[in-house]
Amino acid sequence: MDEDREIESNLIDLSDIDLELLPLLQDSVLARSIRRILQSAGSLDDAASTFQQSI
Amino acid sequence: MSGTLIDPVWPTSDDIAALQAGGWRPTPIRQFVLKVHSRCNLACDYCYVYRMADQTWRERPLAMSRDILALAVTRIAEHAWRHDLPRVGVVFHGGEPLLAGPAFLADAARALRRSLPPTTTTTLTVQSNGVLLSVPLLDVLGEHDISVAVSVDGTAAGHDRHRRYPNGRGSYADIARGLDLLNSGPYRRLFSGLLCTVDLTQDPVDCYRALLGFAPPRMDFLLPLGNWTTPPPGRTADPATTPYADWLTAVFDRWYSAPVQETELRLFREIIHLLLGGSSQLESIGLAPSTVAVIEADGSLEETDTLKSAYHGAATTGLHLAEHSIDDMLGHPSVVARQVGLVALAEKCQLCPVRTVCGGGYYPHRYRSGSGFRNPSVYCPDLLALIGHVRARVSRDIGLLARATR
């Protein structure tokens, strides 16, 4: 459990964000990142990694 | 096989049995790298296929035959049907895949789309050096919805320092012509993105801006392939130095600060996603299982072929399309090691506070002759510094956003 808390403390907590303010970030990197994490919650497809030598 | 010293094997069959007894199950392969041509028309000085430890290219046929292609399509389709895969990606790779010719690529695309389940979204991409792009070729790729990704190393001078023709002439001018064509009207939708290998001698922001000049929908910076036995350029054993983090953070700050995202930058995008609690979709960061299989020109089934940077035969599994299914790869130790997550990491990495983001770094970068792959990445100090920098920037901005609501 201590290890889980340690990992979580190194992650970034989004729980205090007012999502209604998200449009203020326009189409910035941060805005896209927040939208992506919200859309990916619980997605099984998200847990697979792909080849680095192609894009 | 191993390097100069004998590497310990992990996981052993007992290790795999224990993992399975503990509930671990393999993840089906979702991306297939088809080596449709095993030679190249460039002679890039850092190429992991020809210039590093592995020399198996010498044993391969020049190009994938129609018979091997048919076998590959059969095996890929079999795997997709068996596992009801929602998505399959196929990357035409090499050597230089465009040397296979447009007719071969068209036939491959046709056969794949005909054979894969109708419920499977199939994406086809050719990862090219870009010098052979032409209108007739792009017409064929467009007809078959094959996206085009190109390798460019930044500015003309920076690119031509490493990516040259065999006669020593730089390739940038030809690639720039090809990219201008790819960016024009009907072909723009095929443009998948750019890959650039980091060169510390090139100014990072100049490099990024040069790539941005081609208006790529996405790009990525690749750390040069190297390991503890064959260190990358400029990466000494001194953990206090972080030359690659310094380079990448300069690019990150420029990219992240844009009010409107200029392009998708894959490595940074995945680091941010991991820091926000997500899973990585890139094999070089995070702990998500690797779901990549390589099919060589002769039909050999191999692990991710950048392992060739470690030692001769490092990507070899001993499996072949004629006798083995893709499922047979899932029990191979090197595949298991790249799917099983944290337990495959070195002890130091398992105790590291950023382990779920770093994931131990890219697997080939961990190699050391005599100890195999259960080591930290040779880029460990850089990864720690880069992740710390990204975390600081993103958490600061999220903190400002939260405070604005109170």
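Buried, as used here, means under 20% relative accessible area, exposed means over 50%, and partly exposed lies in between, with a 1.4 Å probe and protein chains only. Helices (H or I, at least four residues) and strands (E, at least two) are DSSP runs that are numbered from the N terminus.

The structure is a predicted model, in which local features need pLDDT of at least 70 and side-chain atom pairs count only at pLDDT 80 or more, while totals for chains, interfaces and linings use all residues. Residues are numbered from 1 along each chain as its sequence is written, chains are lettered from A and ligands numbered from 1 in the order in which they are written, and side-chain values use heavy atoms, with hydrogens and water left out.

## Chain B as a whole

Chain B contains 13 helices and 10 strands. Its radius of gyration is 21 Å, close to the 22 Å that the globule rule gives for 406 residues, so chain B is as compact as a globular protein of that length; the radius is taken over C-alpha atoms, and the rule is 2.2 Å times the number of residues to the power 0.38. Along the principal axes, the C-alpha atoms of chain B fill a box of roughly 60 × 55 × 50 Å.

Of the 406 residues in chain B, 60% are buried. Contact means heavy atoms within 4.5 Å, and among the contacts in chain B between residues at least 6 apart in sequence, 72% join residues at least 24 apart. Chain B exposes about 15200 Å², of which carbon and sulfur atoms supply 55%; such areas come from the Shrake-Rupley method with a 1.4 Å probe, and for residues only the protein chains shown count as cover. The chain carries 39 positive and 40 negative side chains, and the centres of the two sets lie 4 Å apart. Here Lys and Arg count as positive and Asp and Glu as negative, without His and the chain ends, and a charge is placed at NZ of Lys, CZ of Arg, CG of Asp or CD of Glu.

Helix 6 of chain B (residues 172-182) has as its buried residues B:Tyr172, B:Asp174, B:Ile175, B:Ala176, B:Gly178, B:Leu179 and B:Leu182. The elements that cover these buried residues include helix 4, strand 4 (146-151), helix 5 (156-162) and strand 5 (191-197) of chain B. B:Leu181 also lies in helix 6, but with a relative accessible area of 22% B:Leu181 is partly exposed. Apart from neighbours within four places in sequence, B:Leu181 is in contact with B:Leu133, B:Ser134, B:Val135, B:Leu138 and B:Tyr187.

B:Asn129 is found in the loop between strand 3 (121-128) and helix 4 (135-143), and at a relative accessible area of 4% B:Asn129 is buried. The side chains of B:Asn129 and B:Asn41 are joined by a polar contact of 2.8 Å, a term for a pair of N or O atoms within 3.5 Å, where within protein one must be able to donate a hydrogen and the other to accept it, and residues adjacent in sequence count only if both atoms are side-chain atoms.

## Two further buried loop residues

B:Val36 lies in the loop between strand 1 (31-35) and helix 2 (66-83) of chain B and is buried, with a relative accessible area of 0%. Not counting residues up to four places away in sequence, B:Val36 touches residues including B:Phe92, B:His93, B:Pro97 and B:Phe104.

B:Ser290, in the loop between helix 9 (266-275) and strand 8 (292-295) of chain B, is buried at 4% relative accessibility. With residues up to four places away in sequence left out, B:Ser290 touches A:Ser49 as well as B:Glu283, B:Arg338 and B:Gln339.

## Backbone geometry

| Site | Feature | Angle |
|---|---|---|
| B:Trp10 and B:Pro11 | cis peptide bond | omega about 0° |
| B:Gly94 and B:Gly95 | cis peptide bond | omega about 25° |
| A:Gln26 | positive phi, not a glycine | phi about 55° |
| B:Asp145 | positive phi, not a glycine | phi about 50° |

B:Pro11 is found in the segment before helix 1 (13-21) of chain B, whereas B:Gly95 has its place in the loop between strand 2 (87-93) and helix 3 (102-115). A:Gln26 is found in the loop between helix 1 (2-10) and helix 2 (29-40) of chain A. B:Asp145 belongs to the loop between helix 4 and strand 4 of chain B and, at 40% relative accessibility, counts as partly exposed.
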